[in-house]
Amino acid sequence: MAKQRQRSRSSSRRRKQQQQDKTTNRIMCGAGTIAILGIGGFLVWKYALGSPTNVEEFKDGVSDAGDYARRKWDELDLGNFTDVLDGLDGISFGDLFQEDPSYGDGETTSWDRKYVKPGNGGLHLTLQNALDETWQRPFELAVADWNESPALTLTTQRVAVDHTCTPVSGVMVVCNANFGETGWVGINENSILGGYIVESVS
């Protein structure tokens, strides 16, 4: 009995201490937030608005800050990103992406030879579009982009929406569903027979 009471008191003290720690953390976070907002407000008042002392000076400061921001925005060239990758030519990313757990062993598997045309004709593949309406436009853009490659000829077939992503022999089924928190944005599963891909779901 005495041991039970002692355990009970000890457990009660521990809970009380945990509650006090939570309260202290909340107070510290609140005080930190107020301090950051206060310092930020002071810096805006002092440097962005020019230390206004009355309403008219405040309005002038806001107007000047807005004009300055507009001038800087107009100076930006947001329409030309052709040189965004300049200077990256000599960079080697090495094994950077091999740390990805979904990378696998890096082995490449080809589609069955009957889908690859001889004489550098490339891969000719049918995509069954089993997506719901949400993904139709992104799908069309992706197919158009992939079809720019001379090594790939894609044809599409619209089929019934299939959230279970059932594979079909000889084609790639493209589907969508809410898979919950998976850690991946998309996934591709292939069925391999004799060392070649014979069906795929993406």
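Reader: In what order do the elements of the chain run from the N terminus on?
Author: This is a predicted model, in which local features need pLDDT of at least 70, side-chain atom pairs count only at pLDDT 80 or more, and totals for chains, interfaces and linings use all residues. Residues are numbered from 1 along each chain as its sequence is written, and side-chain values use heavy atoms, without hydrogens and water. Helices (H or I, at least four residues) and strands (E, at least two) are DSSP runs numbered from the N terminus. The chain has 3 helices and 6 strands, and their order is α-α-β-β-α-β-β-β-β.

Reader: How many residues of strand β2 are buried?
Author: Buried means under 20% relative accessible area, with a 1.4 Å probe and protein chains only. Strand β2, residues 122-129, is mostly covered, and the number of its 8 residues that are buried is 6.

Reader: Which residue of β3 is the bridge partner of Leu127?
Author: Strand β3 (residues 152-158) pairs with β2 in the parallel sense through 7 bridges. Together with helix α3 (residues 136-146), β2 and β3 make a right-handed β-α-β unit; right-handed means that, with the strands pointing away from the viewer, the path from the first strand over the helix to the second runs clockwise. Within β3, the partner of Leu127 is Thr156.

Key: Buried means under 20% relative accessible area, exposed over 50%, partly exposed in between (1.4 Å probe, protein chains only). Two strands pair if DSSP finds at least two bridges between them.
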